[in-house]
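Take a look at the model below. Then follow the paragraphs one contact at a time.

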Amino acid sequence: MSIISKMLKKKQKQRKNDNYRQKLDPSDPGELLIHRAYQENLARIKEELGNSSDLVSKEIKIGNIHGAIVFIEGLTESKVISNFILESVMQTGEIPLGVDYYQYMLDKTVALGSTKTITNWNDLYDSLLNGDTIIFLEGYNKAISGGTAGGEKRAVSEPSQQLSIRGPRDSFTEMLRTNTALIRRRIKSPNLWTESMKIGTVTQTDIAIMYIKGIADDKIIQEVKKRLNRINMDTVLDSGYIEQLIEEQTYTSFPTTYHSERPDVVSSQLLEGRIAIVADGSPFVLTVPAIFIQFFQAPDDYYSRFDLSSALRLLRIIAFFIALVGPSLYIAGTTFHQEMIPTTLAIAIAAQRENVPFPAFFEAMIMEVTFEILREAGLRLPKSVGQAVSIVGALVIGQAAVQAGIVSPVMVIVVSITAIANFSTPVYAMAVSARLLRFVLMVLASFVGFFGIMVGLMIMVIHLCSLRSFGVPYMEPLAPFSRKNLQDVFIRYPLWAMKNRPMHISEGNMVRTGEHQKPGPPTQSNKDTSQSKKGNQQ
Amino acid sequence: MKKQYLSLLVLISVVPLLGGCWNQRELTDLAFVMALGIDKGEKKKYDVTYQIVEPSNVSSGQTGGGGGAQGPPIVTYKSSGNNLTEASSNVTKQIPREIYYAHANILVISEELAREGILDILDKLERDTEFRTTTTVVIAKDNRAEDLVSTLTNLDKIPSYKFIKTLESTESLLGENIKVTIDDLLSAITSSGKEPVISGFTLMGSPEKGTSQQNINMTRSQALILADDLAVFKNGKLVGWLGQNNSRGAVWLLGRMKATNVDFDWKGKKDAVSTISNLSDTKVTFTVKNGKITANINIETIISLSEINRAFEIKNPNEIQELEKKTSVQIKKEVESSIKSVQKLKADIFGFGEKIYRQHPKLWKKIKGDWNNRFAEMDYQIKVKTYYRESGIRDNPFWSDINQ
């Protein structure tokens with residue numbers, strides 16, 4: 001740790017000696033102010049941006065006054081610039097004497113919704129690099145910044161990772177504003193507050209913190225802001241950077257922040273009192289605090305009826321355990337506890353292993369590692385050769401491997417079940433932790449059998465109970481146990497019975513469902529229906 | 001400080017390695033003993049036969065490159081010793097793998113040895129960490145245990161399954177045998193009010209041919225293992241057999257009757273009716289009068305009509321009563337003859353002593369010492385109640401139409 005921080009300090013020192021542009025010190029007004037001569041300003045921009053080729057500057061004449069517009073190609077909407085700036089500038093005739101040219105320009109010429117006046121260079125670069133167009137006027141030590149941000153962006157498309165059978169089909173994009181809009185479109189409440197900040201000393205990435213005032217816990221909001229403000233790093237290219245810098249515990253294989261590419265999921269998290277962190281350039285929105293069971297809640301759970309979704313959630317939890325202990329149970333069973341296997345199966349496995357040259361542990365290790373390689377390769381391969389992988393993969397962990405006498409058929413089945421079970425965890429981050437811990441348990445099982453697996457699982461559970469996410473116990477509501485809070489854990493209660501928000505996450509404003517929400521056959525009086533309408537709370 | 005923590009972490013992570021796989025055994029290093037046959041030894045006290053499964057010859061699936069000529073599913077090894085431990089140590093000279101008892105599910109004891117006493121073999125079986133006390137015990141009637149254990153069987157490739165499945169099916173369908181585990185055997189031996197009873201198995205055909213693979217390649221087996229009479233033990237020694245007629249009565253009395261068929265005459269035709277008794281309950285209470293103990297045996301059973309080769313009016317209550325009565329009489333007859341033959345052996349296999357102890361604990365203390373003689377002279381009263389419930393998918397038999 002100390003070595004790393006020392007290195008960081010060294011780097012920072014080096015940076016100061018370098019020649020490139022640093023953010024100017026606001027206490028030094030001489031350097032900061034925009035020059036009255038527009039040509040000076042143009043020259044300075046060009047110099048400071050190193051004559052970058054995507055910088056477009058154009059000298060203009062508005063009536064009888066000279067000026068210039070500057071923008072960065074690609075970040076701006078060129079149609080907007082030509083229609084609402086250039087065209088109106090060119091059509092402007094003589095400006096009457098005695099009028100403040102700058103104000104005239106702002107009021108009558110620039111036909112844009114968002115314009116602002118810029119007086120210092122720091123703001124100027126912020127605007128310019130965000131896609132705004134800067135207009136300098138001769139003789140004014142301020143500039144107009146017109147909101148022309150735009151350019152190429154990816155359209156809202158179907159989610160690629162967190163799929164669901166039923167439910168909305170949109171997903172976040174790389175644009176911050178698109179993402180916040182997708183959330184706000186779902187929660188039309190004035191209490192949905194968005195706070196912005198910039199993180200990344202070089203990348204200047206826009207971050208939006210979203211929460212519902214009155215539901216989210218103020219203490220957690222303050223903590224989130226504190227942790228975000230603490231970040232001092234040059235780069236934030238994805239929300240993953242932020243995740244790693246604000247999580248409570250680095251040395252754990254379990255994710256303590258949740259991320260989703262689905263606006264509906266993030267919206268539901270906000271409504272439970274969580275806080276969303278949207279980073280520009282990342283289609284994954286973080287939500288905190290995150291608890292363990294949250295990673296087994298798929299969006300489908302809430303869109304389909306409670307019986308089915310409860311059953312599927314239990315299945316997912318079982319699958320997680322299979323993915324965790326599958327191969328280690330095989331190792332322990334075949335090398336230590338042969339008496340635990342039913343006789344017929346024991347004989348069948350013994351027969352299959354008759355020609356396998358490796359001990360069970362190595363056999364399992366070979367297959368698991370092979371599968372992991374296959375999985376990783378499948379992820380990285382270009383789509384055009386993807387088919388080759390599936391063909392080769394079927395050979396490596398399939399009949400051919402068995403016929404070659406390297407592994408036994410039952411091992412192939414164990415690996416396959418483990419792999420399939422691993423994919424059933426809705427959130428990749430949690431699936432990965434099972435994938436990793438599996439190998440630890442395999443090693444333990446190979447030394448001391450079931451005993452080792454039990455010790456491993458116990459350590460895992462103790463570790464899980466010690467984790468916290470933004471002060472919220474990770475295993476909540478199982479440890480500390482709260483019966484009232486089990487509405488959405490192993491069994492998802494019917495929607496009308498899920499009356500409360502999860503405890504510890506939203507303190508204070510807990511009730512989310514009104515009374516008498518249970519549907520039923522028509523009753524004679526209209527009393528019930530009128531009550532239910534009133535009951536819905538924010 | 002940090003260095004110390006680091007070194008502590010390394011030390012802790014090394015701990016699991018210290019075990020060094022001390023108990024690790026690959027499946028392919030084990031010889032699965034499926035059945036154990038114990039005979040009276042020729043030179044030493046015991047001759048023990050180990051039936052060991054040959055895994056690759058059992059599972060028909062692909063074994064990865066192996067294949068080729070299939071051998072028999074089991075092999076047997078024989079060794080001798082003055083106790084079971086010695087025999088089990090001696091046999092390692094012949095077996096290339098470590099002997100593994102955890103999957104043994106049959107213990108065959110030869111009649112010859114059983115008559116001399118089986119007490120000396122039980123402790124090893126109970127004490128061994130691998131051997132299960134849920135293992136079924138059978139007695140090799142008129143045969144050597146070795147022959148029974150070495151015979152190849154059809155349908156169930158592993159012969160030890162043949163024993164168990166045969167026992168289970170005959171117990172639940174015929175009711176002439178019962179499955180006794182080492183646990184049951186031990187509890188009966190240690191109880192003063194109960195003597196053990198064990199199913200016998202016998203070998204029909206030539207023991208020599210039974211060991212050949214040809215035995216399972218033929219539709220008619222040259223050597224066939226089959227369940228036989230019930231062996232009655234007293235003081236850990238076999239004292240007699242309950243034959244076919246008496247063993248069913250014994251099963252009734254033990255309260256372990258699951259289903260059996262009861263045949264009797266109907267309207268002058270011999271054995272014209274067969275009823276199946278499906279659900280039975282046996283209760284035994286004791287009354288004491290003038291120091292004489294009488295056992296009141298109440299048997300209740302639900303029967304269904306399985307076969308009737310005579311005219312029968314199913315809607316006639318009188319006919320049904322007749323049917324019930326005749327079944328009752330038949331059952332009573334079987335039970336009676338069974339009690340008589342067991343009384344002759346003076347071995348209380350029905351656990352009457354235990355029942356007296358529960359019902360009349362004071363009395364039991366007095367008669368405990370002389371129980372076997374008292375059992376032999378005991379009076380009994382048998383009441384059988386039969387309830388007719390179903391008649392299959394026919395009502396009146398076709399005989400009713402023919403006779404008209």
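At what angle do helix 12 and helix 18 of chain A pack, and how far apart are their axes? Keep in mind that this is a predicted model. Find residues 306-335 of chain A for helix 12 and residues 428-466 of chain A for helix 18. The two helices pack at an angle of about 30 degrees, and their axes are 8 Å apart. Angles under 35 degrees count as roughly parallel, so helix 12 of chain A is roughly parallel to helix 18 of chain A. Their crossing is right-handed.

Now look at the side chains of this pair. Helix 12 of chain A brings residues including A:Phe320, A:Leu324, A:Ile331 and A:Thr335. Helix 18 of chain A meets them with residues including A:Leu437, A:Arg438, A:Met442, A:Gly449 and A:Phe450. By class, the contact holds 14 nonpolar, 4 polar and 1 charged residues.

Move on to another helix pair in chain A. Helix 7 covers residues 176-186 of chain A, and helix 10 covers residues 263-271 of chain A. Their axes come within 9 Å and cross at roughly 60 degrees. Helix 7 of chain A and helix 10 of chain A are therefore oblique to each other. This crossing is right-handed. Helix 7 of chain A makes the contact with A:Leu182, A:Ile183 and A:Arg186. Helix 10 of chain A answers with A:Pro263, A:Asp264, A:Val266 and A:Ser267. The classes here are 4 nonpolar, 1 polar and 2 charged.

Next come two strands of chain A. Strand 6 spans residues 192-199 and strand 7 spans residues 205-212 of chain A. They pair in the antiparallel sense over 8 bridges.

Finally, turn to chain B. It is divided into domain 1 (29-54 + 71-242) and domain 2 (245-404). The C-alpha centres of the two domains of chain B lie 32 Å apart. Where they touch, 21 residues of domain 1 of chain B are in contact with 26 residues of domain 2 of chain B. On the domain 1 side, helix 7 (159-173), strand 9 (223-234) and strand 10 (237-242) of chain B each give two or more residues. Strand 9 of chain B gives the most, with 5 residues. That side of domain 1 of chain B divides into 9 nonpolar, 6 polar and 6 charged residues.

Notes:
Residues numbered from 1 in each chain as written. Chains lettered and ligands numbered in written order. Predicted model: local features only at pLDDT ≥ 70, side-chain atom pairs only at ≥ 80, totals over all residues. Pairing = 2+ DSSP bridges. Helix = DSSP H or I, 4+ residues; strand = E, 2+ residues; numbered from the N terminus. Axes fitted to C-alpha atoms, helices over the stretch in contact; angles between N-to-C directions. Parallel < 35°, antiparallel > 145°, perpendicular 65-115°, else oblique. Left-handed = near helix turned anticlockwise from the far one by under 90°. Contact = placed C-beta atoms within 7 Å. Nonpolar A, V, L, I, M, F, W, Y, C, P; charged D, E, K, R; others polar. Domains from an automatic or database assignment.
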